[in-house]
Amino acid sequence: MPAPPDLFVAGMRLHAAGVTVVATSFEGRPSGLTATAVCSVSAEPPQLLVCVHRAAEANEPIRRSRLFSVNVLAAGQRRLADRFAGRLGHSGPARFEEGRWTRLVTGAPVLEGARAVFDCTLVTAIEAGTHTIFVGLVEAVAMLPELAPLVYHEGEYGLVAQLPS
């Protein structure tokens, strides 16, 4: 018998995670969402995965376009995280009215000023519970490692404490 959903959610809130914006474009219409369920799959070939709720407006566009970017947010990008999470009332292309968006290799929108950007083509999509696990081949990477990361923990955004060198 699986754990009760509320207990599972409470436990997962204790896991600190980096905050990302996953973005795609299908038929000229950008869409995206805030996500913390992102992780590397392999270095050779370079692949990562992102978990997207099936009801999220970006789910079907990612599937149909077969491309997406994962934009790792920096500490100063909390408002952008809220915007793409739908907390500020924006949806669809209106979410992209904040920030500078460009493209690298695949044509997926990428955020200038993100701590890291992974530009991906879709390898596979796996249905799992309420979500789709999208595995992407990383076609390009851009980084600004000097920026502090934005993290999500217990329902709040925070900063990573600086570790001594």
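This is a predicted model: local features need pLDDT of at least 70, side-chain atom pairs count only at pLDDT 80 or more; totals for chains, interfaces and linings use all residues.
Local features were taken at pLDDT of at least 70 and side-chain atom pairs only at pLDDT 80 or more, while totals for chains, interfaces and linings use all residues. Residues are numbered from 1 along each chain as its sequence is written, and side-chain values use heavy atoms, with hydrogens and water left out.

Strand 11 (residues 150-153) takes part in two antiparallel pairings. Here strands (E, at least two residues) and helices (H or I, at least four) are DSSP runs numbered from the N terminus, and two strands pair if DSSP finds at least two bridges between them. Strand 1 (residues 17-18) runs antiparallel to strand 11 and is joined to it by 2 bridges, with Ala17 partnered by Tyr152. Strand 12 (residues 156-159) is also antiparallel to strand 11, this time through 4 bridges; Val151 has Gly158 as its partner there. The hairpin of strands 11 and 12 leaves 2 residues between the strands, and Glu154 takes a positive phi near 50 degrees.

Turning to the rings, the whole structure holds 4 aromatic pairs (Phe, Tyr or Trp rings, the six-membered one for Trp, with centres within 6.5 Å; planes under 30 degrees apart are stacked, over 60 edge-to-face, the rest tilted). Phe84 and Trp101 have ring centres 5.5 Å apart and planes at 45 degrees, so this pair is tilted. Phe84 sits in helix 3 (residues 78-84) and Trp101 in strand 7 (residues 101-103), so the pair links parts of the chain 17 residues apart. Ring pairs also bring Phe96 into a cluster with Phe84 and Trp101. Phe84 counts as buried because its relative accessibility is 1% (buried is under 20%, exposed over 50%, partly exposed in between, with a 1.4 Å probe and protein chains only).
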